[in-house]
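Here is a short tour of one protein model, written for someone who likes to know where the residues sit. Have the viewer ready and follow along.

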Amino acid sequence: MIKTESNKETDELVKELIDKDLLRFTMQFFYKTDEGLRPFGTGVLALIYNTHFILTASHIADYLIEEQNQLFIRVDKEKYINVIGDIKYTDIDKSKGVDLAYIKIATEMVEPLSKPFKFLTLDKISKHNQMLDAANYCILGFPENNIKFNNRKLDTGASFYLTNATNEKPYTFYGYNKSDFFLVEMKGKGTDIETGDKKKVNTHFYGISGCGLWFIEFNQDPQTKEYWLNYRLIGIMTEFKKGKYFCLVANKIHLFIEAFKVIEGFKFNEIKKS
């Protein structure tokens, strides 16, 4: 892995990675309103030990606990399926801020989801304790204000942000421990990957809760100088802070791993990365 400044080649590789992989692991929840379906949050699809899951935030999954409530996922331009399955989630009031949930989805959901989406496999899920001051961290979700209507039909879009890890000061100021939480910077201006223009970061993050925090490795062949990327899911986004320090907050992915061990009886072998 190398530390590199953003350039045309790396920007194109990031766009390709998001379009072909990360976006297809990422789904959007919708809920019913009097005006029709509206955005409700984000989740990441995963396949672990031949079991299909949606990883998300507990304040998203909590909506489903009420018997009359339903959430939906778009699987085609005009087709949605309702979410059914076994829900496990943390009680935020008792979990010291841990805000995670997973849905072990029903078998009948797998086929319709597999057409527009892909399921992340275990080799792309990893613990991460580094705090790099380079834009290796990608947040990809569906802000609720990314919405428009074409001929009265709902259309939504995803947004992604490449950013750095914060230093230790926001952890101390907001009271987050570094063992369970990962904070990334979200301030000032960023670069629009599509146009190359500098623009102010959109601060409306409602709707991205439950989306993935991805670590992107930038690599370069020493002979050809060509770049190539690798990626891992390292956390699930849960909230943002706009006070003294402007940052986004993720719960680290190892909390899911521990939950799967206890609740599902899964066994995992930790592999040390060179």
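## Strands E13 and E18

Strand E13 (181-185) and strand E18 (residues 246-252) run antiparallel and are joined by 5 bridges. Strands here are DSSP runs marked E of at least two residues, while helices are H or I runs of at least four residues, both numbered from the N terminus. Within this pair, Glu185 stands opposite Cys247 of E18. Cys247 counts as buried because its relative accessibility is 1%; buried means under 20% relative accessible area, exposed over 50%, and partly exposed in between (1.4 Å probe, protein chains only).

The model is predicted: local features need pLDDT of at least 70 and side-chain atom pairs count only at pLDDT 80 or more, whereas totals for chains, interfaces and linings use all residues. Residues are numbered from 1 along each chain as its sequence is written, and side-chain values use heavy atoms, leaving out hydrogens and water.

E13 and E18 belong to an open sheet of 6 strands, in the order E12-E9-E16-E17-E18-E13, with antiparallel pairing. At the edges lie E12 (159-163) and E13, each pairing on one side only; two strands pair if DSSP finds at least two bridges between them.

## Cysteines

How many disulfides does the model have? The count is 0, a disulfide being a pair of cysteine sulfur atoms within 2.5 Å. For Cys211, the nearest cysteine sulfur belongs to Cys138 and is 8.6 Å away. Cys211 is buried, because its relative accessibility is 0%.

## Helix H3

Helix H3 (residues 107-114) has Met109, Val110, Pro112 and Leu113 buried. The buried residues of H3 pack against several strands, including E2 (36-48) and E7 (101-105), where contact means heavy atoms within 4.5 Å.
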